[in-house]
Amino acid sequence: MKKRILCLGDSNTWGYDAETNGRFPDDVRWTGRLAERLGDSYTVIEEGLSGRTTVFEDPLNEGMSALQYLSPCLMSHAPLDYMIIMLGTNDCKERFSATAKNIADGMKRLVQKAKVVPCWREDAKILIVAPAPIDIRCEQSPVAGEMGRCSKKSECLAEEYQKCSEENCCDFMDAAPFCTMNEIDFMHLDAKSHDRFSAEIEKIVRRQV
């Protein structure tokens, strides 16, 4: 049976393209590039949702908390061999009033819950990805009213996520060295970043699964 890799994320996993206000094609999104790189021995499962948070219920948009969706998501895609979680960008929105530590604690809740869901082929294996920081120019961009002051907080996520990964025996990756934000809203990956990011994810998946 193919090894099954679940990619749980937000709009940067869904593949939002700020130039078109639509979605990058399958062969551009990092999940699609990852599937192509890994080949026929793997199944890469996309679970990206624009606006998704780790644990925060959004008062303006229904169904954004990954925590509430996690169990049915994992069970519906079972059996799983590996899960990649890249969340936290939306948690930085000013309306949630969360610190970087609060957001990491939300990630901790997610991975602890995921480990006990009976969806794993063998042992639970999880990669926590710290999303690339939001460029401060986002706060003057067309999405400024949605995000508010968010960039400084997002810069602190990698350090907090690394601690969370170590404490919960998860793999860790900081996406920042491999990703560049677009020049429109400054918070979504440009097309080239999807490819670079997928290449680094491939290395981790092949080592761990």
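Author: A crossing is left-handed if the near helix is turned anticlockwise from the far one by less than a right angle, and right-handed if clockwise. Helices (H or I, at least four residues) and strands (E, at least two) are DSSP runs, numbered from the N terminus. Here H2 passes H8 in a right-handed crossing. The model is predicted: local features need pLDDT of at least 70, side-chain atom pairs count only at pLDDT 80 or more, and totals for chains, interfaces and linings use all residues. Residues are numbered from 1 along each chain as its sequence is written, and side-chain values use heavy atoms, with hydrogens and water left out.

Reader: At what angle do the axes of H2 and H8 cross?

Author: Axes are lines fitted to C-alpha atoms, for helices over the stretch in contact, and angles run from 0 to 180 degrees between N-to-C directions. The axes of H2 (residues 30–38) and H8 (residues 191–208) cross at roughly 50° and come within 8 Å. That makes H2 oblique to H8; angles under 35 degrees count as roughly parallel, over 145 as roughly antiparallel, 65 to 115 as roughly perpendicular and the rest as oblique.

Reader: Which residues of H2 meet H8?

Author: Contact means heavy atoms within 4.5 Å. Trp30, Arg33, Leu34, Arg37 and Leu38 of H2 meet residues of H8 including His194, Phe197 and Glu202. By class, this contact of H2 with H8 has 7 nonpolar, 2 polar and 5 charged residues. Ala, Val, Leu, Ile, Met, Phe, Trp, Tyr, Cys and Pro count as nonpolar, Asp, Glu, Lys and Arg as charged, and the others, Gly among them, as polar.

Reader: How are H3 and H4 oriented to each other?

Author: The axes of H3 (residues 66–76) and H4 (residues 100–116) cross at roughly 20° and come within 10 Å. H3 and H4 are therefore roughly parallel to each other. Among the contact residues are Leu70 and Leu74 of H3 and Leu110 of H4.

Reader: In what order do the strands of the open sheet lie?

Author: Two strands pair if DSSP finds at least two bridges between them. The open sheet has 5 strands in the order S4-S1-S5-S6-S7, with parallel pairing. S4 (42–48) and S7 (171–174) each have a single partner strand, so one side of each is left without a neighbour in the sheet. From one strand to the next, the twist averages 20°.

Reader: Which strands does H3 touch?

Author: H3 packs on the sheet and touches S1 (3–9), S4 and S5, its direction making about 165° with that of S1.
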